Amino acid sequence: MPRGRKAVVNYEEEIQKVDMQITRWKKTIDELQGRRRELVEQREQAELETLRQVIQSTGMSVGEIISLVEGAGSPPAVQP
């Protein structure tokens, strides 16, 4: 049984369609990356606010908190 003729492909139109899709997706990616940056910044601000509240509730100064944290990170001294 004979097959039908293949449709003539207009390569320029197809390339243009693909280019338009690429442009649209790049815009979407840019928007999503911007939204991600906003969310990361908001998360960091929320974490800093939580930290500020904790420091304030202890009654300790920032310097005291820093010393405490830095001291906790050091390994204990080994005695001979």
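How many salt bridges does the structure hold? Three. I'll go through each of them. First, some background.

This is a predicted model. The protein has two helices and zero strands. There are 80 residues, and buried ones make up 4% of them. The accessible surface comes to about 8100 Å². Carbon and sulfur atoms account for 58% of that surface.

Now helix α1. This helix covers residues 11-58. That is 48 residues. From first C-alpha to last, α1 reaches 70 Å. The expected value, at 1.5 Å a residue, is also given as 70 Å, and the span is close to it.

Look at the two ends. At the N-terminal end, N10 is the cap of α1. A side-chain oxygen of N10 lies 3.2 Å from the backbone nitrogen of E12.

A general point to start with. Side chains of opposite charge can pair when their charged atoms come close. And a second one. An α-helix has 3.6 residues a turn, so residues three or four places apart point the same way.

Take E14 and K17. Their side chains meet in a salt bridge, at 3.7 Å from N to O. Both residues lie in α1, three residues apart. That spacing is about one turn of the helix. How accessible are they? E14 has a relative accessible area of 38%, so E14 is partly exposed. K17 has 46%, so K17 is partly exposed as well.

Next, R35 and E38. Here the closest N and O atoms are 3.5 Å apart. R35 and E38 sit three residues apart in α1, so about one helical turn separates them. R35 is partly exposed, because its relative accessible area is 42%. E38 is at 43%, and so counts as partly exposed.

Then R52 and E49. This salt bridge has an N to O distance of 2.5 Å. The two residues are three apart in α1, so the separation is again about one helical turn. R52 has 40% relative accessibility and counts as partly exposed. E49 has 32% and also counts as partly exposed.

Why do these residues fall in the partly exposed class? Because that class lies between under 20%, which is buried, and over 50%, which is exposed.

One more feature, on the nonpolar side. Which residues make the nonpolar surface patch of about 320 Å²? V9, Y11 and I15. Of these, Y11 has its place in helix α1. Is Y11 buried or exposed? Exposed, because its relative accessible area is 60%.

To recap. The structure holds three salt bridges. E14 with K17 is one of them. R35 with E38 is another. R52 with E49 is also on the list. V9, Y11 and I15 make the nonpolar patch.

Technical notes. Residues numbered from 1 in each chain as written. Heavy atoms only, no water. Patch = residues over 30% accessible without salt bridge, like charges linked within 9 Å, V, L, I, M, F, W, Y side chains within 5 Å. Areas by Shrake-Rupley, 256 points an atom, 1.4 Å probe, with all protein chains shown as cover. Salt bridge = Lys/Arg side-chain N within 4 Å of Asp/Glu carboxyl O. Helix = DSSP H or I, 4+ residues; strand = E, 2+ residues; numbered from the N terminus. Buried < 20%, exposed > 50% of the residue type's maximum accessible area, 1.4 Å probe, protein only. Expected span 1.5 Å × (residues − 1). Polar contact = N/O pair within 3.5 Å; in protein donor to acceptor, adjacent residues only side chain to side chain.
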